[in-house]
Amino acid sequence: MAKLASDGLDRILTLELVRVTERAAVAAARLRGRGDEKAADQVAVDAMRSELNRLPIDGTVVIGEGERDEAPMLYIGEEVGTKDGPEVDIALDPLEGTTICAKNLPNSLAVIAIAEKGSLLYAPDVYMDKIAIGPGYPAGIIDIDAPAADNLDRLAKAKGVPVGEITACILDRPRHARLIEEVRATGAAIRLIGDGDVAGVIHTTDPDETGIDIYIGIGGAPEGVLAAAALRCIGGQMQGRLQLNTDDKVARAKKMGIDDPDKIYQMDEMARGDVLFAATGVTDGNLLSGVRFARDFVQTHTIVMRSSSRTVREIKAKHQDLEKF
C-alpha cells in the first residue's frame with residue numbers, strides 16, 4: 001500500500017482533482033432545469049466515481065452519499081483510486097444543490113476535498129450547526145454559542161462598518177425562522193438560499209464579490225466538512241456542532257469515533273493537514289459560472305485550492321474532445 005510522501009500531497013494532484021469535478025459538473029449540467037433531482041445526482045455520482053478511479057491515490061470516502069454501502073452512490077467507506085499513490089481521506093458532493101440544479105437556479109456545484117489520511121472529520125450524515133467568516137479577522141470573532149446579534153456586532157466592528165452593512169447567508173428553512181428574526185432585528189441584511197451551503201460558506205471569503213460576510217445556521221454535516229476544507233485553503237474561521245438529538249444519531253456518531261455529542265469543532269478539527277479542494281460550477285453563481293455547452297466545445301469554470309501553499313487557482317477550460325463528456 002502506497003504511503004504519503006513526507007512533503008504532503010503531491011501538488012500534481014491539485015490539477016488532476018479539477019478533472020474530477022469538471023466531469024461531474026458537466027454530467028449534471030446536461031440535466032439542468034429538467035426537474036429530476038435523482039437523475040442529476042446519479043449522473044454526477046457516476047461521473048465523479050469514474051474519474052476518481054483514474055487518480056493515482058489510495059483513497060477512502062469519509063464524507064459521501066451515505067453511511068452504508070449503497071451501490072449507486074459514493075458511500076462512506078468506499079475505496080477509490082488506482083492504489084498507486086498516497087493514502088487519503090476524501091470528502092465529496094458530486095452535486096451540491098440537487099434541487100438547485102433541477103430548477104436551474106444559481107450556485108449548484110460539484111465539490112470534492114482530499115486530505116492526508118485521518119485528516120477529515122469522520123462524521124455521520126446528520127445536521128450540523130455552523131457559523132463561518134472569511135479571512136482577515138482576528139481569531140475569536142465568532143462564537144457558535146453566542147447570540148446572533150453579538151456575532152454580527154463583533155464582525156461589524158472588526159470590519160469597521162455599521163452592522164447594517166453586514167450581510168448574513170442563511171438557508172431558507174422553517175427551522176431558521178427565529179434566527180432570521182434575530183438577524184433582521186440587528187439591522188443586518190440576509191441572503192436566503194434554498195440549498196447549497198458549501199457555496200454559502202465559501203462566499204464569505206470574498207464579500208466584495210459575493211456580498212456575503214457571514215454564514216449562520218443549520219445545514220448538513222457533510223457539507224460542513226467540505227466547507228471547512230475550503231476555508232482551510234483560503235483562510236477564515238468556522239465552528240460546527242453536530243446535531244445529535246436522538247439516541248440513534250448518537251450511536252451512529254459513536255461508531256465513527258465521536259464520543260462527545262456536544263463538541264464544538266473548530267475549522268482545523270474538521271479539516272487538518274494538507275488539504276486539496278476543488279469545485280466546478282454546474283449552474284451560474286456568485287463565484288463560478290455554470291457549464292456552457294457550445295457546438296464544438298464544453299466550457300467549465302473551476303476553483304481549486306491547496307492549504308499548504310494557500311494557492312487558489314481559477315480555471316476556465318474549453319473541452320473540445322466532446323466524446324469525453
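The centres of domain 1 and domain 2, taken over C-alpha atoms, sit 23 Å apart. The model is a predicted one: local features need pLDDT of at least 70, side-chain atom pairs count only at pLDDT 80 or more, and totals for chains, interfaces and linings use all residues. Residues are numbered from 1 along each chain as its sequence is written, and side-chain values use heavy atoms, with hydrogens and water left out.

Domain 1 covers 11-118 + 275-319 and domain 2 covers 127-270, with bounds from an automatic or database domain assignment. Where they meet, 24 residues of domain 1 are in contact with 23 of domain 2 (heavy atoms within 4.5 Å). Together the two domains bury about 2,000 Å², 70% of it on carbon and sulfur atoms; this is the accessible area (1.4 Å probe) lost on putting the two parts together, summed over both. On the domain 1 side, S3, H3, S4, strand S11 (275-281) and strand S13 (298-306) each supply at least two of the residues that touch domain 2. Helices (H or I, at least four residues) and strands (E, at least two) are DSSP runs, numbered from the N terminus.

Helix H2 (residues 37-52) runs for 16 residues and reaches 22 Å from first C-alpha to last. Its buried residues (under 20% relative accessible area, 1.4 Å probe, protein chains only) include Ala40, Val45, Met48 and Leu52. The buried set packs against helix H1 (12-29), strand S2 (79-80), strand S3 (87-96), helix H3 (98-103) and strand S4 (109-116).

Terms used. The expected span of a helix is 1.5 Å times one less than its number of residues. Buried means under 20% relative accessible area, exposed over 50%, partly exposed in between (1.4 Å probe, protein chains only).
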